[in-house]
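Work through the exercises below with the sequence and the model at hand. Each task is followed by a solution in steps.

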Amino acid sequence: MNPNCSAELSDGHRIPVLGFGTFAPEEVPKSLVKEATKIAIGAGFRHIDSAYFYQNEEEVGLAIRSKIADGTVKREDTFYTSKLPSICHRPELVQPCLEESLKKLQLDYVDLYLIHFPVSLKPGNGLHPTDENGQLLLDTVDLRDTWEAMEKCKDAGLAKSIGVSNFNRRQLEMILNKPGLKYKPVCNQVECHPYLNQSKLLDYCKSKDIVLVAYGALGTQRCKPWINENAPYLLEDPVLCAMAEKHKQTAALISLWCLLQRGIVTLAKSFNEKRIKENMKYCCPPQLSIFG
């Protein structure tokens, strides 16, 4: 792993500062995710981000293993992130869920395992359990107990590092102040881009030696349930576009640079071969030490 393009985590492991995100809406064929992941690894991405919730770990695993098999990369030089879904927050479900992900991936361990959301849902009825009125079925789980189960996954060698995602400061403090804490979260993965800069959360995470990881780095996902379709597109922002024109780059690259230069590990997602290669070439060239 190129030390100039990676950051040290609080447990001593390193994380590549530019990652490849694999989330895709349901209408996107899983085969496209597999091919895009293969292209990303071939282009130089060594940090691959997925999740149980994405329901694509079998395809992502196939892509990783195919690039290992053809000699493009070694397993120890890749960094794979998975995430625990909200339906598996009960402590007795945490390790079996990770083991299920590893079975789909056909890998022996993940480099980073995250609690995906700080909201617990009742297990047993799919990823989005709802009642007769369409309301989510919430579960009552103390996330500190979930975290203890995450620590056991690390001790068992199933995850090299453990962290959280979509946590606010109060939720992070709940974990950090937990009596008997064995391992603190190495990172907090949240939506972060020029329209949602997360400056306060970034300052707090830095003060606690927690790496902030940005998803949605090119703007909020345009999924209908999540966003007003009339909301502006980040990549059409006039300031970003003016900066891109000045530097003869794309608005997407300017957005990625904004995050990387603030010390934020950044996930870039694209299924376009040209853009995948462009993101790696210009955001993390071998001679560039982003985090100093």
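**Exercise 1.** Find how strand β8 is joined to strand β9, and name the partner of Gln 189.

Solution. Five bridges join β8 (residues 187–191) to β9 (residues 211–215), and the two run parallel. Strands here are DSSP runs of E with at least two residues, helices are runs of H or I with at least four, and both are numbered from the N terminus. Two strands pair if DSSP finds at least two bridges between them. Gln 189 has Val 213 of β9 as its bridge partner.

The model is predicted: local features need pLDDT of at least 70 and side-chain atom pairs pLDDT 80 or more, while totals for chains, interfaces and linings use all residues. Residues are numbered from 1 along each chain as its sequence is written, and side-chain values use heavy atoms, leaving out hydrogens and water.

**Exercise 2.** Decide how many residues of helix α8 are buried, and what covers them.

Solution. Buried means under 20% relative accessible area, exposed over 50%, and partly exposed in between (1.4 Å probe, protein chains only). In α8 (residues 251–260), eight of the 10 residues are buried, among them Ala 251, Leu 253 and Leu 260. Their cover includes β9, α7 (238–247), β10 (265–268) and α9 (273–283), where contact means heavy atoms within 4.5 Å.

**Exercise 3.** Classify the ring pair of Phe 53 and Phe 117.

Solution. Rings of Phe, Tyr and Trp (its six-membered ring) pair if their centres lie within 6.5 Å; planes under 30 degrees apart count as stacked, over 60 as edge-to-face and the rest as tilted. By this rule there are three aromatic pairs. The ring centres of Phe 53 and Phe 117 are 6.5 Å apart and the planes stand at 80 degrees, so this pair is edge-to-face. Phe 53 lies in the loop between β4 (47–49) and α2 (57–69), Phe 117 in the loop between β6 (110–115) and α4 (143–155), 64 residues apart. Phe 53 is partly exposed at a relative accessible area of 21%, and Phe 117 is partly exposed at 31%.
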